[in-house]
Amino acid sequence: MNNMNLKQHKKIKGIICYFSTTGNTAHLAYCLSSYLSDFPIELCDMSVNPTPNPLHYDFFGFASPVEFFGLPPKVLDWIKSIPVISKPRYAFIMLTHSSISGTAMIQFKELLQARNFNIIAGHTLKCPESYPPLRSKGFTFSNAPGPGSLKRFLMFAKILKDLLHSASEGRVILEAKFRLSFINYFFSPPGRNIAHHVMGFKYLDAKQCVQCGLCARDCPYSAIHMMEYPKFDETHCKGCWKCYNRCPAEAIYTSYLKGKGHYQETSESFKNKISKILSLK
Ligand SMILES: Cc1cc2nc3c(=O)[nH]c(=O)nc-3n(C[C@H](O)[C@H](O)[C@H](O)COP(=O)(O)O)c2cc1C
Ligand code: SF4
Ligand code: SF4
């Protein structure tokens, strides 16, 4: 074999860290990891896993939904707990949103740069709405992403794959530049207690509750305690609506919303569209 003809090719190893309350972002993270399967790549759910050792990976993906024009508190805290890395690591950002992503991308980029990540690509994908107050008014965006958004997403995935191949060949990848659309500049994240305030207090319809305990197990902020029935700790609640959305019996309601607007989990049509555009089986 002629060694001169062999390219210097190092298998670079990656991890995609994601947060998701109703599954849109989790599904994207899963599909991206399959699409990028030329590289050994792990998945890490921020809700249940501690931060991984950044030195164990050559590149990182970070995926999150937009909440109130910014990042969910869980994602902010999780990323802040990653130690500042001595040697920069490549990273890409994936955001899902339904209508206005605000300044979430810039917030994400700055947060990661402060930990010495070198952001080489980022994308924001329009997805079905998961915020019950909007869904209850008919803003469900169930057909999102449309054909244009899907094409842009595929372009992002292809460019990302090419960049990672270049990185594995030892080439230096430059930092990505992000331009927010004009409208997004006007929407920066409000303080998170507003989210809790607009949700209102939570109540339980005990006749409907099947005492499965899922709400307490899955609250990202440990704000539900399972006694005989769930008890809500309003001082820790961040108003993410996960318990309301995901309760299989729709037994949870709030001072402002009852019995409508649920987005229990990612729709099959969304899942199929993403798998199809990335040509995954
Ligand atoms: C509490 C809450 C706040 C949200 N805020 C925004 C927002 O500010 N802008 C936006 O475009 N979408 C917003 N959304 C919609 C989600 O970002 C979108 O549906 C996302 O794909 C959900 O991802 P997940 O299923 O992985 O949790 C919000 C959803 C929730 C539940
Ligand atoms: S998820 Fe719903 S049914 Fe299950 S314990 Fe919580 S409130 Fe009850
Ligand atoms: S109690 Fe419900 S709305 Fe509040 S943080 Fe937990 S899952 Fe989210």
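Me: Hi! Let's start with helix H2. What covers its buried residues?
Reply: Hi! The cover over the buried residues of H2 includes strand S3 (59–65) and helix H3 (104–113). Keep in mind that this is a predicted model.

Me: Which residues of H2 are the buried ones?
Reply: Helix H2 runs over residues 73–80, and its buried residues are Val 75, Trp 78 and Ile 79. Looking down the axis of H2, these fall within an arc of 95 degrees, so they line one face of the helix.

Me: And what sits on the face turned away from that buried side?
Reply: That face of H2 carries the exposed residues Asp 77 and Lys 80.

Me: Nice. Zooming out, how many helices and strands are in the chain?
Reply: The chain has 9 helices and 9 strands. Its radius of gyration is 20 Å, close to the 19 Å from the globule rule for 281 residues, so the chain is as compact as a globular protein of that length. The C-alpha trace spans about 75 × 40 × 40 Å along its principal axes.

Me: What share of the residues count as buried?
Reply: Of the 281 residues, 37% count as buried. As for contacts with a separation of 6 or more, 77% of them are accounted for by residues 24 or more positions apart.

Me: What does the domain assignment give?
Reply: Domain 1 covers 8–186 + 267–277, and domain 2 covers 201–254. Between them, the contact takes 10 residues from domain 1 and 9 residues from domain 2. On the domain 1 side, the touching residues are 4 nonpolar, 4 polar and 2 charged.

Me: How far apart are the C-alpha centres of the two domains?
Reply: The centres lie 28 Å apart.

Me: On to the ligands. Which residues come nearest to ligand 1?
Reply: Ser 20, Asn 24, Thr 25, Pro 65 and His 97 come nearest, out of 25 residues around ligand 1. Helix H1 (24–35) and strand S4 (89–97) are the elements that give two or more residues to this shell. H1 gives the largest share, with 3 residues.

Me: How does the shell around ligand 1 divide by class?
Reply: It divides into 10 nonpolar, 13 polar and 2 charged residues.

Me: And ligand 2, which residues come nearest there?
Reply: Cys 209, Cys 212, Cys 215, Cys 247 and Ala 249 come nearest, out of 14 residues around ligand 2. By class, this shell has 12 nonpolar, 2 polar and no charged residues.

Me: What surrounds ligand 3?
Reply: The residues around ligand 3 include Cys 219, Cys 237, Cys 240 and Cys 243, and among them are also Tyr 221, Phe 232 and Trp 241. This shell has 9 nonpolar, 1 polar and 2 charged residues.

Me: Why does Trp 241 count as buried?
Reply: Because Trp 241 has 25 C-beta neighbours inside 10 Å, and 20 or more is enough to be buried.

Me: Which loop holds Phe 69?
Reply: Phe 69 lies in the loop between S3 and H2. Its phi is near 65 degrees, again a positive value in a residue other than glycine. With 18 C-beta neighbours inside 10 Å, Phe 69 counts as partly exposed.

Me: Last one: is the peptide bond from Ala 144 to Pro 145 cis or trans?
Reply: That bond is cis, with omega near -5 degrees. Pro 145 lies in the loop between helix H4 (132–135) and helix H5 (147–168).

Key. Residues numbered from 1 in each chain as written. Chains lettered and ligands numbered in written order. Predicted model: local features only at pLDDT ≥ 70, side-chain atom pairs only at ≥ 80, totals over all residues. Near = placed C-beta within 6 Å. Nonpolar A, V, L, I, M, F, W, Y, C, P; charged D, E, K, R; others polar. Domains from an automatic or database assignment. Contact = placed C-beta atoms within 7 Å. Helix = DSSP H or I, 4+ residues; strand = E, 2+ residues; numbered from the N terminus. Buried ≥ 20, exposed ≤ 12 C-beta atoms within 10 Å, placed from the backbone. Arc of directions from axis to C-beta. Rg over C-alpha atoms; globule rule 2.2 N^0.38 Å.
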